[in-house]
Amino acid sequence: MTWTWTISGTTALATAVVLALACSWAVAAGTRRRARRLVTAFGAPDGEGQLRAAAERRGALAPVVAAALRRLDAERLVALHARQAHETDVRLGVDLSRRNQELIEAQLARIDELERDEQDPDRLDELFELDRLAARMRRNSESLLVLAGVEPRRWDGVVPVPDVLQQAAAEGEHLDRVRIDVRNDLVVTASAALDVTHLLAEVFDVAGSTSPDGPILVTARVVDVGCVVSVRFGGDAGAALSDHPTGFAVIDRLAGRHRLAIDVFPDPGGTGVEVRALLPSGVIERRSAGRSGFEPVEWDRVPVAAGAGGSPG
Amino acid sequence: MTTAAQERPFVRPFALTGGRVTTSTPLPLEALVRTTSTGTRVAPAVTPVLRALLDLAADHVGVVEVAARLAVPIGVCRVLIADLLDEGLVVVAPPASAIGDAGADQVLLERVLDGVRRL
């Protein structure tokens with residue numbers, strides 16, 4: 001019965017109706033054969049056309065086929081309405097997230113003003129708390145937009161890789177545990193800077209909740225096709241993946257947008273987990289020695305599979 | 001600089017110090033900062049904001065001016081300078097020892113302005 005694997009769930013339901021009715025109603029062997037042919041027709045590319053033609057013809061099976069087709073049409077209508085309702089929900093969600101974003105940006109601008117001249121460490125500390133909360137709220141709001149397939153914000157100008165990592169740590173929940181040991185002259189392109197930051201912040205959150213204490217170690221190395229950012233932390237790789245469906249859904253979307261490759265596996269150096277993010281050469285550039293700005297990276301001849309560690313670019 | 005958000009640096013201020021707000025060494029606002037030869041040598045290997053700070057302090061420069069040029073809060077700037085001071089990458093001189101330096105006048109004026117605002 002291989003045809004059952006080739007047809008959709010909806011069509012399978014209609015097929016079952018035809019089959020059940022045909023078996024109970026059709027007495028003649030000829031009718032049963034015709035029923036079997038019709039059922040098989042569902043799996044064919046023009047199967048529905050054949051069935052609609054059969055429904056038009058006179059015969060014992062015509063009303064049965066017509067009933068099944070009516071049911072199929074009704075299901076499609078319901079599915080269409082559900083899809084339209086879903087699209088409306090997504091639009092509303094995007095609209096609300098945008099409004100949230102505007103409020104959070106206004107909040108951050110106000111916090112900036114207060115922080116600028118604050119000389120009292122205690123008050124500055126309190127402002128930092130507000131700042132951190134606002135930065136996390138902004139990321140949550142942007143996660144919704146990412147999942148809805150919308151670009152959250154734009155940034156003009158390239159951003160150094162160390163700055164991207166530092167901001168990603170800042171947007172995460174575990175800033176004090178993230179140890180960044182990355183010194184290189186690479187920059188992330190303007191169009192990818194915010195998304196890469198967001199993605200790494202999600203990775204840092206996964207790391208922080210998978211490993212309840214202990215450091216989150218961040219290194220980077222230049223390979224033949226880009227730059228590999230490595231995030232190591234304690235805990236179990238399987239749990240890291242299975243316990244963070246939302247985080248990885250966001251990571252997946254962002255990675256897909258910029259063709260980043262994300263791998264999660266047990267840390268080869270011992271107990272723990274390593275998440276590797278390959279930033280491909282289209283996403284990063286190297287600062288040029290001159291004043292002219294930036295130039296394409298002359299990539300080191302190190303293949304990706306050469307293992308973690310090594311010298312930074 | 002096409003969006004409002006872009007007027008801010010990419011990295012939030014609290015991230016630059018890892019959230020720290022206090023310094024091991026008191027650092028008056030009118031103090032002048034200068035990069036040491038060690039600082040000049042290691043500048044390419046430090047984070048972008050510290051590299052910019054070390055470049056800026058090639059000549060004596062005031063704390064307030066550093067904060068303004070790097071677009072970071074005064075409190076953050078103090079922590080960054082104190083860190084560099086601990087590492088021996090900058091030295092800090094009271095303004096009296098640098099009388100005649102262009103930076104000193106500006107720092108003094110900033111200080112006066114600050115005092116006037118508090119009246």
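Here are some exercises with worked solutions on a predicted model.

## Exercise 1: The five-stranded sheet of chain A

Work out which strands make up the open five-stranded sheet in chain A, and which of them sit at its edges.

**Solution.** Start with the order of the strands. Finally, check how the strands are turned. Neighbours in this sheet are turned by 20° against each other on average, with direction ignored.

## Exercise 2: Strand S5 and its partners

Find out how strand S5 (residues 226-233) of chain A is paired on each side, and whether its residues are buried or exposed.

**Solution.** Take the S4 side to begin with. Strand S4 (residues 216-223) of chain A runs antiparallel to S5(A), and seven bridges join the two. S4(A) and S5(A) also form a hairpin, with two residues between them.

Val228(A) is a handy residue for seeing both pairings. Arg221(A) stands opposite Val228(A), while in S7(A) the bridge partner of Val228(A) is Leu278(A).

Last step: burial. The cut-off for buried is under 20% relative accessible area. Eight of the eight residues of S5(A) are buried, so the strand is largely enclosed by the rest of the structure.

## Exercise 3: Helices lying across the sheet

Say which strands helices H6 and H7 of chain A lie across, and at what angles they run.

**Solution.** Begin with helix H6 (residues 161-171) of chain A. H6(A) lies across S2, S4 and S5 of chain A, running at about 175° to S2(A). Then turn to H7(A), which lies across S2, S4, S5, S6 and S7 of chain A and runs at about 20° to S5(A).

While you're at H7, zoom in on Glu202(A), which lies in this helix (residues 190-210) of chain A. Its relative accessibility is 9%, so Glu202(A) counts as buried. Leaving out residues up to four places away in sequence, Glu202(A) touches Arg139(A), Ser143(A), Gly247(A), Val250(A) and Ile251(A).

## Exercise 4: Getting to know chain B

Describe the elements of chain B and how its strands form a sheet.

**Solution.** Count the elements: chain B has six helices and three strands. From the N terminus on, they run α-β-α-α-β-α-α-β-α. Of the 119 residues in chain B, 49% are buried.

Then put the strands together. They form an open sheet in the order S2-S1-S3 of chain B, with antiparallel pairing. The edge strands, each pairing on one side only, are S2 (61-62) and S3 (90-93) of chain B. Strand S1 (residues 32-35) of chain B is joined to S3(B) by four bridges, and Leu32(B) has Ala93(B) as its bridge partner in S3(B). H5(B) packs on this sheet, touching S1 and S3 of chain B, and its direction makes about 115° with that of S3(B).

## Exercise 5: A helix pair in chain B

Work out how helices H3 and H5 of chain B pack, and which residues meet there.

**Solution.** Two packed helices are described by the angle between their axes and the distance between the axes. Helix H3 (residues 48-56) and helix H5 (residues 74-86) of chain B pack at an angle of about 75°, with axes 11 Å apart. That makes H3(B) roughly perpendicular to H5(B).

Now list the contacts. Val49(B), Leu50(B), Leu53(B) and Leu54(B) in H3(B) meet Leu80(B), Ile81(B) and Leu84(B) in H5(B). Sorting the residues of this contact between H3(B) and H5(B) gives seven nonpolar, no polar and no charged.

How values were computed. Residues numbered from 1 in each chain as written. Chains lettered and ligands numbered in written order. Predicted model: local features only at pLDDT ≥ 70, side-chain atom pairs only at ≥ 80, totals over all residues. Heavy atoms only, no water. Buried < 20%, exposed > 50% of the residue type's maximum accessible area, 1.4 Å probe, protein only. Pairing = 2+ DSSP bridges. Axes fitted to C-alpha atoms, helices over the stretch in contact; angles between N-to-C directions. Parallel < 35°, antiparallel > 145°, perpendicular 65-115°, else oblique. Contact = heavy atoms within 4.5 Å. Nonpolar A, V, L, I, M, F, W, Y, C, P; charged D, E, K, R; others polar.
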